[in-house]
Amino acid sequence: MSTKPSDISLKKRFSSNFWILFGILFTVTIISTLILSPTLVVMHAPYKLGDIADKNIKATTDFFVEDQNATNQQKEIARNSVLTIYDYDKSLPDKLKRQINSAFSLPQSIFASSQPANKSTDGEKSTEINNKILGLKPEFEKTIGIPVNNGAYKILENEKFSGNISGLIVNILSKILRNGVVANKDLLLKENDKGILLKTIGTDSEMVVRNLKHFYGLDQAKTMVRIIGEPILKDIDYTVVNLIVDFTQRLIQPNITPNRRETEKRKNEAVALINSTLYRIQRGEMILREGERVSALHLLKLHELREQTGKKQALEKGIGTALIIFALLTITYLIHLKFQREILHYQNKNLFFISSVVILFLFILQFFTFFAQALAPGAPVTISPASIFYGIPMAAGAMTICQFLGFNIAFPFAIVLSLISAISFENSYELCLFFLLNGVMGAYWVQNCKEHKGFIQAGVKIGLLNMILATIIDIYMIDFSGLKLLWDWTFAFSGGILAGIITAGLTPLMELSFGYTTDSTLHELANLDQPLLRRLMLEAPGTYHHSVIVGSLAEAAASEIGANPLLAKVCGYYHDIGKLKNPLYFIENQKNGKNIHNKLAPSMSCLILTSHVKNGIELAKEKKIGQHILDAINQHHGTTLISFFYNKAKQQAKDDQVVNIDNFRYPGPKPQTRETALVMLADVVEAASRTIEEPTPARIQGLVQQLFNKLFSDNQLDECPLTLKDLHNIARSYNKILNGIYHHRVEYPDKLSAGESKEKNGHTNRQQADTAQNIEDSDMENSPSTLKRLGQS
């Protein structure tokens, strides 16, 4: 079983001739170019200062004009090239050293001048010294520059404010400051790509520094105090070490600081050296856009083109446009469409449908363009052609595609159509973006549309979105005067409503022309009062009941695995309509227990059974019930073996006679879609479940697992995109529904003899059918392809 849409068998079945594909792309390119050709011819006339341009004008020759943007860009480059200047305070270590030594010298002088003369006066002197030292604490804190708590001050007092302590503090502090400390390292590292200019304070010395990571931030510098001090503090008391570390950490100050004033000054000087840049306007460059007010610069540009104005040669531009469209279509197909399963099925038809929609909406685009240009000048009120362009219902193209091929195809279609449409408006990216967004959202809003009113609802949503997009574009273009904005809103909303109406009208036409089946049609076909289903109910009631249950099983499983439940249900309803031709040859329609096949040869019975597929296809084509349902009829048996008649033929064969197994298989093809595979699985499960004696949940689950394993081992699911997880969910869904159908019922007492209270399945007179045939339990258990515990929660 494969999950890839590029299965080999699928490619073989739906492969397209290269020349057909090339022909479709080439034809669309040529027709699109011809449709757009009128807009490739540009006429322009001289304007006066203050006039409003009524169309786009491009240069037809080369000339020079000052490029203000380029000049500003060069100035910006020059400005950014100036390195940020940081001041380096080289004298800070010496300043802190003097500050520390000065603070320590005050109490040191008291200890030096207060040596006791004898032991009798030692206690008194000590108290006096302590009082003096304690009195110096405020001055000590002021001199050293940091607050000192009483505990730290007492430790210093006990150490007699040793010069060794102050020397160690100065030593560690100097090493850290010599490396460089910055207040905000994150800000500094933003300059790491180009470096900084380090200027020494008090001198003219400057140097470029590019390795900025070696500088310390404040937190990093404080961390480095203990690391740097570890080798020189290892023989000192732990309490003193902590004091030295604490003092050093709090004394650290940034000695590298940004000089913003000097940096800004040098940036301004660099900008002042930049001269104005002259640029050449090349042939084909836009000079004046539609709706712009003509300025002096426009007049300057147009003056150079005065003698060359007139009708442009469209040949070169036409060839370029054709190449652009061809490249756009080809690349879109190669990188996206060719891998979509919706396209691979009947690829030529789908590509022809997409091409037809592209051409149709380019015609609509040109019609509205000419209408806008003709209406705007003669309107009783001032209406800009740009306002009318917002009313073009281009979103209907993607909406129409989404109805038949899904959102995955409609999305790239909206991109392609908007890009091609932009050519008609002189490559206006504003309108390109407008058409792209409303096309994508339009497709999104109709992807689950099942009723015609849904198209109008989607049209209203698109109209509101168009109004928002038109407002955004007007603000971006700085053109949102009250009256113009009102007209923009009017046409934008009308364009959304018109898109919904066009989609609603095109859908049945496209469905009829290309043989597609929409959800609306599926809803009609799902009605059990449909003539074909009523005929099935009257002429083949057993098949009708079987088909209804198959449809219910397929619908529930489709919801579980994310397939199309409505399509699966309808396919289930119609998969056996071919039995209408010979209903009595199928056991579910036989009465009184008489089996016609008992009198027929196995080969003849096989031909009759397999013919219901062919008969169903013919009947489906006659009633025009849709290609998806026709495919389900054709594929729901795959290439499975009719094992009952095959075994019967082997039993009746003579010793020297060989029975060809291929003569007892359905012709196929195998299921190609998830919905068709669901019908195949539901078909075999529903038929076999009728043969279970006393259908308990365990027996039903075992039967479902065996049937799934049989089809899986027979490679019947190889060509559809079901995964093993999907099979598990399908089996669980089927188990749930079948348990509900065959649950036990209690028989009423008046129908039971005395002493009987036994529960049975159905009525007491129900004749149990034979148990499920042709499921070889031992073979399934030993098969390497057996799926274990399938459908169990």
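Modeller: A nonpolar core is a set of buried Ala, Val, Leu, Ile, Met, Phe, Trp, Tyr and Cys residues joined through side-chain atoms within 4.5 Å; buried means under 20% relative accessible area, exposed over 50%, partly exposed in between (1.4 Å probe, protein chains only). Here the largest such core has 70 residues, and Y574, I629, L678, F708, I730 and Y734 have the most contacts inside it. Another core, of 68 residues, lies apart from it and includes I388, C402, F435 and L469. This is a predicted model: local features need pLDDT of at least 70, side-chain atom pairs count only at pLDDT 80 or more, and totals for chains, interfaces and linings use all residues. Residues are numbered from 1 along each chain as its sequence is written, and side-chain values use heavy atoms, without hydrogens and water.

Colleague: What share of the 793 residues of the chain counts as buried?

Modeller: The share is 47%.

Colleague: Is T610 buried or exposed?

Modeller: T610 is buried because its relative accessible area is 15%. This residue lies in helix α27, residues 602–623 (helices are DSSP runs of H or I, at least four residues, numbered from the N terminus). Beyond its neighbours within four places in sequence, T610 is in contact (heavy atoms within 4.5 Å) with I642, R665 and Y666.

Colleague: Where does F18 lie, by contrast?

Modeller: F18 belongs to helix α2, residues 18–40. With 52% relative accessibility, F18 counts as exposed.

Terms used
Helix = DSSP H or I, 4+ residues; strand = E, 2+ residues; numbered from the N terminus.
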